[in-house]
Amino acid sequence: MPEIRQDPVSQRWVIIATERAKRPSDFKPPHKEKKGNVGCPFCPGHEKETPPEVLAFRDVGTEPDTPGWQVRVVPNKFAALTAGGEVAGERNGIYQTLSGTGVHEVIIEGPDHDTYFADLAPEHAVLVLKAWRQRYLQLERDERMQYVQLFKNHGPTAGASLEHPHSQLIATPLVPAAVTAEMTRIRAYWKEKDKCLFCDIVDAELKTGTRVIAFNDEFLTFCPFASRFPMEMWIIPRRHQASFGACEDDQLVQLAAILQETLSRLKQAANDPPFNLVLHTAPLRQGEVIYHWHFEILPRLTIVAGFEWGTDMYINPTPPEIAAQSLNEISLKP
């Protein structure tokens, strides 16, 4: 029998279509024609083809916007929001608008055009996360901004227009509705149980173990109970922490390790599928917030169609328990 499950955070319902059950190996990701690095604006030697860098970890003695960098952050050349100006709002009857003020940046994760994040040297992976955190903390000082969204699109189907490994961030002058809804739910749970909902999810997943992919002292990766997509995974701090910006250096080391392991398992289990990696974190400068930051990894192995758009319910043909089993069967290279 199919099963309809409810996500305890969003309270969204998901149909686990067990009669269509598929293992990850049953999916065939869209074929990708590699374009190569010819003319890639993110490769070394092409630094002048991007806007001037706002942050870079580079070799001592090298100049900004020249080769010699390990991680480089630049404004997005085709930014969704404009960095200059103040935030202005306007109401016209039932309609409301805000000026498109914000920040849109690209984190170029390394000089090698073809190196997957999971295959970076561990210390280099940590540098990428330090760049994420440094830009997050810098934008937190901008009083105009209310939220920072970090994300990584991998593969054309997931929205990546360039092959060179990179991630992005967009800072917005408002808190997205999805985050507000999560915070409302978490506050209600805290008021009722005097506990953090996410902390209880961590405890429940570690206790059952059937959806756990990886864990270390600081982080847990698991397939959520009401997964929307085959092999959907969350990476969550085991300590209660509201904001990604509060992540300490020792945590970043363990986060880099578990993120590399998680993405390596996904790559091998489903033949390098397209995916989106998205951060959920507390809004900026709101003091003590009842929240628990985490990353969500959303593989693009199924098509979101009419039923999903019409109901905000998803049909997932791979139960998370089967997905977790397949991911755990992967033998990682030492």
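V87 comes out as partly exposed, at 32% relative accessibility (buried is under 20% relative accessible area, exposed is over 50%, and partly exposed is in between, with a 1.4 Å probe and protein chains only). The residue sits in the loop between β4 (69–75) and β5 (89–92); helices (H or I, at least four residues) and strands (E, at least two) are DSSP runs numbered from the N terminus. Bear in mind that this is a predicted model, where local features need pLDDT of at least 70, side-chain atom pairs count only at pLDDT 80 or more, and totals for chains, interfaces and linings use all residues. Residues are numbered from 1 along each chain as its sequence is written, and side-chain values use heavy atoms, with hydrogens and water left out.

- Together with L98 and L174, V87 makes a nonpolar surface patch of about 210 Å².
- Patches are made of residues with over 30% relative accessible area and no salt bridge, joining like charges within 9 Å and nonpolar side chains (Val, Leu, Ile, Met, Phe, Trp, Tyr) within 5 Å; the areas come from the Shrake-Rupley method with a 1.4 Å probe, and for residues only the protein chains shown count as cover.
- V87 is also one of the residues that T101 touches, in a list that includes L81, T82, A83, R144, M145 and P173 and leaves out residues up to four places away in sequence (contact means heavy atoms within 4.5 Å).
- T101 belongs to the loop between β6 (95–98) and β7 (103–108), and at 3% relative accessibility T101 counts as buried.
- T101 and A83 are 18 residues apart in sequence, yet their C-alpha atoms are 5.7 Å apart.

**Helix packing**

- Helices α1 (residues 122–140) and α4 (residues 249–269) pack at about 115°, with axes 9 Å apart; axes are lines fitted to C-alpha atoms, for helices over the stretch in contact, and angles run from 0 to 180 degrees between N-to-C directions.
- The crossing of α1 past α4 is right-handed, a label for the near helix being turned clockwise from the far one by less than a right angle, with anticlockwise giving left-handed.
- On the α1 side the contact is made by P122, A125, V126, L129, K130, W132 and R133, and on the α4 side by D249, L252, V253, L255, A256, L259 and Q260.

**Salt bridges**

- The whole structure holds 20 salt bridges, each being a side-chain nitrogen of Lys or Arg within 4 Å of a carboxyl oxygen of Asp or Glu.
- E205 pairs with R211, the closest N and O atoms being 3.2 Å apart, and both residues are buried.
- That pair is part of a salt-bridge network linking E3, R5, E205, R211 and E321.
- Within α4, E261 and R265 are 4 residues apart, so about one helical turn separates them; their side chains meet in a salt bridge at 3.1 Å, N to O.
- E261 is partly exposed at 26%, while R265 is buried at 10%.
- E192 bridges to K193 with the closest N and O atoms 3.9 Å apart; E192 is exposed at 59% and K193 partly exposed at 43%.

- Q11 isn't a glycine but has a positive phi of about 65°; Q11 lies in the loop between β1 (3–6) and β2 (13–16) and is partly exposed at 41%.
- D194, also not a glycine, has a positive phi of about 60°; its place is the loop between α2 (177–193) and α3 (197–208), and D194 is exposed at 60%.
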